[in-house]
Amino acid sequence: MAEHGAHLTSFGSEDAQRPSVFEVLAQQSLMSTVRPAFLHAVKVFAEKYPAYLGKLYQYYDEIFLLFDIIVQSHYLKRYGGSFAENFYDLKRVPSLNTESSSLTPKQLGRSVACLVFIPYLRQKLDNLFEELRYRNGTDRGIFSFLKKNLTIKQRLVYLYLAFYPYIHSAWECLSLAYMLSYMLRKGRWHSPSMHLSGTVLQRLEPTEESSGIFSAKPAWSELSPTGKFYRVMKLGMSTTAVCLSTSLSVGVFFLQFLDWWYATDSSAPSLTALPIPEPPEQAKLKGVDPSTCPLCMCLRTNSTALTVSGFVFCYPCISDHLRQNKFCPITGYPATSENLVKIYEQDI
């Protein structure tokens, strides 16, 4: 095993510009950890202050998408690589034009799309599949969408449930093939999204590792008052960007440490454990029969409990409510469809 690992890392001596597979895996791991780590922190604070941070948790995916676009665009334009790639002293260069090391606006746009929108779309499709499978059951055949007497919407849902697992598996197999090809030096790209962006990874040159903020410029005495003002403004903005980048890097490692700590220590209490909710106000559920759904005020059907509060609703009612609001309608605690548990009541 040691000889095999040494053989893999020895490729770096043959081509100093080509990152090793371990560097590629490290930056990929960092990129895949940032989003859930921030979500973990947001969820903890949202549970503590639901009235103030409930909306932040409710629209976290979209807020993080906007934040990710800003961060990745900044790093790609300034350093030539994403946040995780620059963290490991890597950069992107055009895969076809080997004479140029700078990315064109088109390549920057494609890189941002592959870095941000592809993971966002995959996550949304995965969540949609889990939600539809939970709502429609798992005992349907692969050709259930061909049954008669189905509406167009039902047919599309069954078609999605039947074929999305194969599409997901095909993408994972393609990603594995790209990684194996890169590791064996049979390909230039380590992932299909990298191939789609039209760029390849390279190591930063020693002269490129500095941020360049304090590079040689005209002397202060040679500048006009307007030039001095712009110099101060530019220096202030550059320094602020560096401070934010450093803070983000330190914060990522801190969140990774928290995620590791609470994932490995099984005896530690969960950060997301909620306190027992206070009894609801009498006015909120006044006159509501125990067998009635608090949302539709009709006889409860397909009973489903919300684990964060313990209240029971109709599944369609609470599912639609959580998809729109993402909090318990009785207690106000943050919640998603993952917190729903169906109750199979037996008639006596």
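Q: What should I know about the model itself?
A: This is a predicted model, in which local features need pLDDT of at least 70 and side-chain atom pairs count only at pLDDT 80 or more, while totals for chains, interfaces and linings use all residues. Residues are numbered from 1 along each chain as its sequence is written, and side-chain values use heavy atoms, with hydrogens and water left out.

Q: How do I read a nonpolar core, and how many residues does the largest one have?
A: In soluble globular proteins, nonpolar side chains tend to be buried together. A nonpolar core is a set of buried (under 20% relative accessible area, with a 1.4 Å probe and protein chains only) Ala, Val, Leu, Ile, Met, Phe, Trp, Tyr and Cys residues joined through side-chain atoms within 4.5 Å. Here the largest has 14 residues, and Leu 306, Val 308, Phe 313, Ile 318, Leu 322 and Leu 340 have the most contacts inside it. Strand 4 (312–314) and helix 11 (315–325) each give two or more residues to this core. Its largest share, three residues, comes from helix 11. Another core, of twelve residues, lies apart from it and includes Leu 30, Tyr 60, Val 71 and Tyr 75.

Q: How many helices and strands are there?
A: The chain has eleven helices and five strands. These are DSSP runs numbered from the N terminus: helices are H or I with at least four residues, strands are E with at least two.

Q: At what angle do helix 3 and helix 5 pack?
A: Two packed helices are described by the angle between their axes and the distance between the axes. Helix 3 (residues 21–48) and helix 5 (residues 60–79) pack at about 130 degrees, with axes 11 Å apart. (Axes are lines fitted to C-alpha atoms, for helices over the stretch in contact, and angles run from 0 to 180 degrees between N-to-C directions.) Helix 3 and helix 5 are therefore oblique to each other. Under 35 degrees counts as roughly parallel, over 145 as roughly antiparallel, 65 to 115 as roughly perpendicular and the rest as oblique. Val 34, Arg 35, Phe 38, Leu 39 and Val 42 of helix 3 make the contact with Tyr 60, Asp 61 and Phe 64 of helix 5.

Q: How is helix 5 placed against helix 7?
A: Helix 5 and helix 7 (residues 105–136) pack at about 155 degrees, their axes 9 Å apart. That makes helix 5 roughly antiparallel to helix 7.

Note on methods: Buried < 20%, exposed > 50% of the residue type's maximum accessible area, 1.4 Å probe, protein only. Contact = heavy atoms within 4.5 Å.
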